[in-house]
Amino acid sequence: MDGLDIPLNHILFISSLLFAIGMLGLMIRRNIIFILMSLEVMLNSAALAFVAAGAHWGQPDGQVVFMLILTVAAAEVAVGLGLVLQVQKRFKTLDMDHANRMQG
Amino acid sequence: MNASVFYAMTPILVLSGTAMALMIQASIKRDHKVASIIVAIGLILSLLGSYYASNFTQPVTVLLQVDNWSLFFTGLIIAASLIILSLSLKTFLPEGERKEEYYLLLILSVLGAVVLIQSSHMVSLLLGMELMGVALYVMIAFPERGDLPLEGAIKYLVLSACASAMLLYGFALIYAATGSLSYIGIGAEVARAYEQNPVLVLAGSAMVLAGIGFKLSVAPFHMWTPDVYEGAPTAVTGFLATVSKGAVFVALTRFYIDGNLYQYAGLTAALAVLAIASMLIGNWLALRQENIKRLLAYSSIAHFGYLLIALIACAHIDIQLVSQSITFYLTAYIVTTLAAFAVVSSVAEEDVRGQEIQALEGLFWYRPLEASALTVAMLSLAGIPLTAGFMAKFFVITVGVQSHLWVLLAALIVGSAVAIYYYLRVIFAMSKPCKVKGKASTGFDRTLAIILMACVLLLGSWPQPFIAYMGTL
Amino acid sequence: MVMINLILILLVGGLLAMLSERLDENMPRKVAMAAVLFDLIYLISSMLSLPEIAQLQAPITNDPSTWLMHFKANWIPAFGISIEFAMDGISLLMVLLTLILGAVAISASWTDIVKRKGFFEANLLWSLAGVLGVFLALDLLLFFLFWEVMLIPMYFMIAIWGHENRGYAAMKFFIFTQASGLLMLVSILVLSAINQETTGVWTFSYFDLLNTNISEQASYWIMLGFFIAFVVKLPGFPFHTWLPDAHTQAPTAGSVILAGVLLKTGAYGLIRFAVPLFPQAALDFSYPAMLLGAAGVVYGAVLAFGQADFKRLIAYSSVSHMGFVLLGIYAWNELALQGAVMQMVAHGFSTAALFMIAGSIQERLHTRDMSQMSGLWHQMPRMGAVAMFFVVASLGLPGLGNFVAEFLILLGLFQVNVWITVIAATGLITGAAYSLLLMQKSFQGEINKKWAESKLSDFGQREMMTMAVMIIALIFLGIYPQPVLNIAEPVLHSLLDLTALALPSIAEAKL
Amino acid sequence: MSKIIWLIPLMPFVGSITLMLFGKNLRRSHIGYLGVSSVGISALLTALLAIEFMQNQEVLETLVWTWMQVGSFAPGISFYFDGLTLVMMSVITGVGFLIHLFSTEFMEEDPSYARYFAYLNMFVASMLILVMADNLLLLYLGWEGVGVCSYLLVGFWYQHSANGHAARKAFIVTRIGDTAMALGLLLLFSHLGTLDIQVLMGKASQVWEVGENIPLIACLLLVCGAVGKSAQLPLHTWLPDAMAGPTPVSALIHAATMVTAGVYLIARTHGLFLLAPDAMIVVAIIGVVTSLMAAFTALMQTDIKRILAYSTISQIGYMFLALGVGAWSAGIFHLMTHAFFKALLFLGSGAIIHCLHHEHNIFKMGGLRTRMPVTFWSFMIGSAALAALPMTSGFFSKDQILLQAYQLPDLGPGLWMAGLLGALLTAIYSFRLVFVVFFGEANTEPDKDTEWRMAIPLSILCFLALVGGYFTIPVVDVFPVTGGSHPAHWVEYVSISVPIVGLVIAYFVFLNRRINIETLTTSSFGRGLGNLWLSGWGIDWLYDRLFVRPYYRLANLLKSEPVDVIYNAIVELNQLLNLWLSKSQTGRLRWYLVSMVAGLIILISLASNLGPGVLQW
């Protein structure tokens, strides 16, 4: 703690930047793989924020949540990739703009 | 930790046990029937368990809050799941032999929902929500035929994950501001944190609201709803509409009230905007919808808008009445929606044309009981007296009137007036002379229709016992 | 209990009628008729056995024990909602009207309805039961319940057995009434919430809420909520547009109930709730309300004159006639109120009969277009004569009920506002114009060749019996209205006293 | 006798109801007996009543039952009987009976025989109620009742649309007056608290001074009613069209009784009018202008019944003049004599029409003097009385009116002169009628002459028209005494001579043809004037443009329900919103993400910016 005293706000700023990057990625990428990656970035930005906040308060809770987030992200992506396989098989493309049968 | 803690956790434990039993069973012999029976037994046991647990209400660690209120919803959700299970049987039986996993997913999802309902901590909220959600993705994508389930599932997955990220980030901000992860802790610290850094608290809460709002499909986070409702098998749609949304709303209420967030006008205003947008947009979207499942999706958007009024009102009046209103509304909504989906799933085919309102034409004349049930459900959703939906609306309006939320009430009136149109369209379609006689109903369909219809009517015409019961929660 | 039984008999009767279709296709109408007549007899016999009936004149006050009948039981005590029924003179009149016209409507449906007879009669009886509930319920929430629920069977009647454009009409009818009903619900809740704030007790009972202290501004808004709901049902200008569509598309029996009874619930609501609960606000609002009434009288008459559709014409004439009721109520003095009550009864009969005639014509000619009729008198002289009677009744011929009503209203209104009276009185002229046009286009004139060949059957015994009931009723109301006036009098007196108590200054000005 | 006075209107009422209910099943002769005898009994009872009245001059008031009672408003079904009532009742039942008798032959071949008598009986009953009513509301009942009967009888042959049109016109035009009258009733009640005529007049003279505004307005409103019913300017246009009904109906309703109801009303409420001298002047002017207008119009008509109709309008104008100048009893006297001779003329024309295959045009008749002697003599007598030739009944009554008009200060001589001009014209057109129809060459051959059922009423009426002038009507106690002094003798001489001059002119123009008016009638001015008179001064045309068509246009414009525009706009707005929002549901994942992000941003900015109290106001 002593040598590396970065203010909480700075880390929050970084993490929000990451969050924004992830969000942007979600919005502009069409490929489902990249979309999933962007989601990872968003989740990790949250995780980073938790770690930083935990450090700020001197509690272990932040890091516990970090672990949980990793697990959750893994689960999401696992299911996600499973679906991606199906998408590739059915739609013959990974471009999500083509998956719009349902509308209106 | 003493034994009573475990007793308090009975429902969760039973559900978990059921999940394990299913897995073991799957490794021994994969059998559809056995799996469904195990799930049914597990659900019934956990239902009894939730009644049993009411003798041991207490906070279970810092994560879960087992009290009468959450146990009531636990029971309600499990009962709803039982009905969903019965609907699923029909959906998945004809599909072939390799569908047993569905039951595992179902029970896991229910488990997630129960955790969510009892959560008193961000971590349990996260776990519950994700457990419920991840299982749901797969349930949605379960049918092999057609592209729609897959499309719905992938949309739901991506959007839901995005919402989770928002939620988590919001939690992180709140944690950063308050230093606490449990609701009570947040509630205790929030005032101080607000003074130090109001933006952190408000932005964090707003992001949490956004994340939760997504799950509730509140406008403007509603866009996924119709697509997922339509794409998913009807039973799963029913699950999504009742169990998932109900559990999330319970969690939201707990978070919002225990976290003392209702005292911040900015948040209240933000919620109010969400509510107004949902009431209006949901109803307008439903107005000329031809697909009954999409119609129900839009209608649910509006209903959660109405429900938010009660939540907003807790800034102004006694929490007791607010929580009663929420309890009543959610119960009424869940029962009514189940009734609707029970009929839709037994009548409508699992293809796009079969789900059109037109396909319901003449239902009154060849399946009068189910048509009556759907009529009652529609009237209840529209809030006509003698149905549960009316009493629910009565609660919400009372709460709104007492807190002088005139703008929200105006939106409610406009929304409800618009809504009458599309609910009536469904009824009108059923009353038309039938062109093609659809399939006949089974005794089971009829029984289910009667039971649910009776519940809706009973809640609406003789609500006093239930209100009295709510008073004890 | 009597009042609950009255409603229950109809509900059960409806159920039996529906089930009886399985025995015999023509059974439902008999069962339905029996149920209504039994209800009527039951009402009359229990009225006769009341000790109060001898002194119907007894002053009725705020205290429910002075009413003819009173019943109260808890329903939802958590909110002080009770099952509270009470009957006074006006309710009694309205209930009688409802049951008599109910029998008429069943008679009208005798041959008119050819499919799903059981369900039809059931809906008919259920909507009658709902209407009875509206007239008897004195707990505001219970009232609201009946108010809304009675629409559902009516909706089905229009939507299933209606004519070519039934879906649209049924939808319009339902949305208009429901949307305005929501306003009323909010108003009821606001009123009760205010009462709860001051007294600490939740209650929806009329008798308790009468004493609520409300700020002037709040009461104005609440009153408007009630007013709009009632005026939509009445229907008053400019909320009347659902009516022509609903009337035109409804089956005959539906039109009879709709015009004869359902519209009266709006007027009843105004008399019972909108004014007494908010005397000051109602007084402040009386001028615009009377203007709306006068506008309705004139507008309805002009539009009726322009219609080519037999039923639409009658529907607009209802708009015109109910405008008088609105005028009478907001003039709020004894003469005008008596006129309004009288108009409710008389209009119920005359319009119901006209709709029945319209239905019979449609049944025979399969059209409502008057340009296709002409000269029907020649083939159906009995129907023509009966139509002539009701046409002159509706244009306000003295000696028939409608005249007494309209004259009393004008007489009362004249004391309040001369110019609005003058506007309303032009309704007598325009009323004559459309009424006679109706007669001219359908029954008189050259015989339309289209029907010259076909054998059009005249009114039969059943139809003449039904018509005779209404003819006798109208003549009776026209030359000896005193019984009706006597029944309504104590109620109106007490209402006037009630509002006068709240508004001492007005009481003097008005008397 | 006084106990059963209510039987008099009841008899025809019962007759009517019986005919309505059972008319279908009765034999024609029985229908005739029933129809005639019900009125006959009434006439008999009236006669008995008259005898009794002559002996004791007792005014009777009978309350049969209280019609309704609301607060202090308690009009009764109650009758008031005095000399004025007696005169009216005698005319109604007497002439009515004769006309019923006449009708049995006239309508013999009509398929709707029973319906005809039912209506006619109903009319007599209503008319009796009108004149016997002791309060204005009951009077109004009779007033409207006769209106409806008139409507029914004008449109009796309903299969011709023109008849229906005429009937509706008759009803609606009179209804305009009736509505004004109803307003008058309202005004009177709200100021005096009663509608009982006698009480009302008593109270009025206590409450109001002569010349106050409120009695003036009340009287003018009553006059409106009278004008409508009695076909005076400006509401006279319905009467000529009302000739579409069967001719006996025209005789009874549109000549003898109903159209004079306005006169009766004003006479009955004279107490009020005395408080409003201005209203009386208005009545006088309406009367005199109407009588001239109608007389000019009658000159040009070719339809025999229209001539008589305009002459009726004109004669009622005289009655109005009489009322206006305060010559109450003269007015009523003229009412009575007019009833005799005009009924005679109408029945005579009915006989002609009956025998001439429903021919109405006088120029297609001619030379009927020898072929239909009874009719000829009745017409001669009737015309003489109408023209007020000396010693006929019309002479006595009209003379009184003119003399009393002359005595009115200021306006008197003017009114007198106008009246004289009218009298001249009356003589001309009535003898024009006689000369054209009965003299000259025959154009149409009658297929029969009148039988006894027609001839008897004609003869009796001839007698009455001749000697009616010698009757004294027992109204001395009813009206205040007016007109004390006698005017100068020359006035009387002029009054007597004018009708004779008219007769002479008519003789030279239409029979002898010594005076050739062809140059006049063919000149463009003459033609124009002739057409103007023929069309009744173009008033119908004017009303058509001014009221009827605009009303039709308005109804046409509004018939598609303009108010619905608002609601349709709301519906469309909702549909539009639905469309837009539906378009936002593109099904594209990324678009959904964008909306979520946008929502998030909005939410955050809302949460951090909005102050308290935004939601509550």
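Select chain D to begin: 57% of its 617 residues count as buried. The model on display is predicted.

**Chain D as a whole**

Display the C-alpha trace of chain D, which extends about 110 × 60 × 60 Å along its principal axes. Colouring by secondary structure will show 26 helices and two strands in chain D. If contacts are drawn within chain D between residues at least 6 apart in sequence, 81% of them join residues at least 24 apart.

**A loop residue in chain D**

Next, select Glu212(D), which sits in the loop between helix H7 (197–207) and helix H8 (213–229) of chain D. Why does Glu212(D) count as partly exposed? Glu212(D) has 14 C-beta neighbours inside 10 Å, whereas a buried residue would need 20 or more and an exposed one 12 or fewer.

**From chain D to chain C**

Bring chain C into view beside chain D. Of the five pairs of chains that touch, chains C and D have the most contacts. Here 39 residues of chain D are in contact with 42 residues of chain C. On the chain D side, two or more residues come from each of strand S1 (60–66), helix H5 (136–154), helix H6 (161–192), helix H24 (539–558) and helix H25 (563–584).

**A hairpin in chain C**

Remain with chain C and select strand S1 (residues 69–76) together with S2(C): the two pair in the antiparallel sense over seven bridges. Ile76(C) stands opposite Ile81(C), the latter in S2(C). Four residues lie between the strands of this hairpin, and Gly80(C) in the hairpin takes a positive phi near 65°. Is strand S2 (residues 81–87) of chain C mostly covered or mostly open? S2(C) is mostly covered, with six of its seven residues buried.

**A helix in chain B**

Move to chain B and select helix H3 (residues 32–53). The end C-alpha atoms of this helix of 22 residues are 31 Å apart, which agrees with the 32 Å it should span at 1.5 Å a residue. Show the side chains of the buried residues of H3(B), among them Ala35(B), Ile38(B), Val39(B), Gly42(B), Leu43(B) and Leu47(B). Which elements of chain B do the buried residues of H3(B) pack against? They pack against helix H1 (3–8), helix H2 (10–28), strand S2 (64–66), helix H4 (68–92) and helix H5 (101–118) of chain B.

**Where chain B meets chain A**

Finally, show chain A with chain B. The contact between them takes 34 residues from chain A and 30 residues from chain B. Helix H1 (8–28), helix H2 (32–57) and helix H3 (61–91) of chain A each supply at least two residues of the side of chain A that touches chain B. H3(A) gives the largest share of that side, 14 residues. By class, the side of chain A that touches chain B has 23 nonpolar, seven polar and four charged residues. To end the tour, select chain A and chain C: these chains do not touch, and their nearest C-alpha atoms are 24 Å apart.

Notes
Residues are numbered from 1 along each chain as its sequence is written. Chains are lettered from A and ligands numbered from 1 in the order in which they are written. This is a predicted model: local features need pLDDT of at least 70, side-chain atom pairs count only at pLDDT 80 or more; totals for chains, interfaces and linings use all residues. Two residues are in contact if their C-beta atoms, placed from the backbone, lie within 7 Å. Ala, Val, Leu, Ile, Met, Phe, Trp, Tyr, Cys and Pro count as nonpolar, Asp, Glu, Lys and Arg as charged, and the others, Gly among them, as polar. Two strands pair if DSSP finds at least two bridges between them. The expected span of a helix is 1.5 Å times one less than its number of residues.
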